[in-house]
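Subject: Structure for you to look at

Hi,

Here is the structure I promised to pass on. Have a look at it first, and then read on for a short tour of what turned up.

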Amino acid sequence: MKRIIELKHVGPRDHVRLLLEDLLDRLESKLTRFSADATSAHIVFEEHRGHKLFGAVLTCHIPGHILAAHEELRDPGEAIRKVFADVERQLQKHKATLNHQPLRKPPKALAPRDTAEDDEE
């Protein structure tokens, strides 16, 4: 997979680059179905100094589809993780479509029973 990492207006932050590399490795492991030459990931991470915001944009090209996500938050690590989680969710949905399978959604949490009704009975 071809990787492009852009850091804009970000000082020397090795932990940001390490987090990006780790998450790109995890994403690449989920792209084994596709040819390595046919996939690419482009991540842009920037700091908006005036507003103390961190922006992350991830675009992943796979054959026949483009997965993209963006996020702006005050916490740099959380912004990066949310972007990768969104792209991984889109990838899971695309794989299910390719396999002609419905996307399984996690079960809804059951609402707690009203204890007042139990006391009346």
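The protein chain has three helices and four strands. Please keep in mind that this is a predicted model. Going along the sequence, the elements come in the pattern β-α-β-β-β-α-α. Of the 121 residues in the protein chain, 31% count as buried. Among the contacts with a separation of 6 or more, 50% are between residues 24 or more positions apart.

- β1 and β2 run in the parallel sense and share seven bridges; Glu6 has Val44 in β2 as its bridge partner.
- β2 and β3 pair in the antiparallel sense over nine bridges, and Ala41 has Cys60 in β3 as its bridge partner. Four residues lie between the strands of this hairpin, where Lys52 takes a positive phi near 60°.
- β3 and β4 are also joined by nine bridges, in the antiparallel sense, with His61 opposite Ile66 in β4. Their hairpin has two residues between the strands, and Gly64 in the turn has a positive phi of about 85°.

How do α1 and α2 sit against each other? Helix α1 (residues 14-30) and helix α2 (residues 76-98) pack at an angle of about 10°, and their axes are 11 Å apart. Angles under 35 degrees count as roughly parallel, so α1 and α2 are roughly parallel to each other. On the α1 side, the contact is made by Val16, Leu19, Leu20, Leu23, Leu24, Arg26, Leu27 and Lys30. The residues from α2 include Ile80, Phe84, Val87 and Leu91, along with Arg81, Glu88 and Lys95. By class, the contact has 10 nonpolar, one polar and five charged residues.

In soluble globular proteins, nonpolar side chains tend to be buried together. Here, the largest nonpolar core has 26 residues, and Leu27, Leu31, Leu58, Ile80 and Phe84 touch the most other members. At least two residues of this core come from each of α1, β2 (40-48), β3 (53-62), β4 (65-73) and α2. α1 gives the most, with six residues. Leu58 is worth a click: leaving aside residues up to four places away in sequence, it touches Leu27, Ala41, His42, Ile43, Leu67, Ala68, Ala69, Val83, Phe84 and Val87.

One last stop is Ala38, found in the loop between α1 and β2. Is Ala38 buried, exposed or partly exposed? Its relative accessible area is 37%, and therefore Ala38 is partly exposed; that class lies between buried, under 20%, and exposed, over 50%. Not counting residues up to four places away in sequence, Ala38 touches His61, Ile62 and Pro63. Ala38 and His61 are 23 residues apart in sequence, and their C-alpha atoms are 7.9 Å apart in space.

Enjoy exploring it!

Best wishes

Note on methods:
Residues are numbered from 1 along each chain as its sequence is written. This is a predicted model: local features need pLDDT of at least 70, side-chain atom pairs count only at pLDDT 80 or more; totals for chains, interfaces and linings use all residues. Side-chain values use heavy atoms; hydrogens and water are left out. Axes are lines fitted to C-alpha atoms, for helices over the stretch in contact, and angles run from 0 to 180 degrees between N-to-C directions. Angles under 35 degrees count as roughly parallel, over 145 as roughly antiparallel, 65 to 115 as roughly perpendicular and the rest as oblique. Contact means heavy atoms within 4.5 Å. Ala, Val, Leu, Ile, Met, Phe, Trp, Tyr, Cys and Pro count as nonpolar, Asp, Glu, Lys and Arg as charged, and the others, Gly among them, as polar. A nonpolar core is a set of buried Ala, Val, Leu, Ile, Met, Phe, Trp, Tyr and Cys residues joined through side-chain atoms within 4.5 Å. Buried means under 20% relative accessible area, exposed over 50%, partly exposed in between (1.4 Å probe, protein chains only). Two strands pair if DSSP finds at least two bridges between them.
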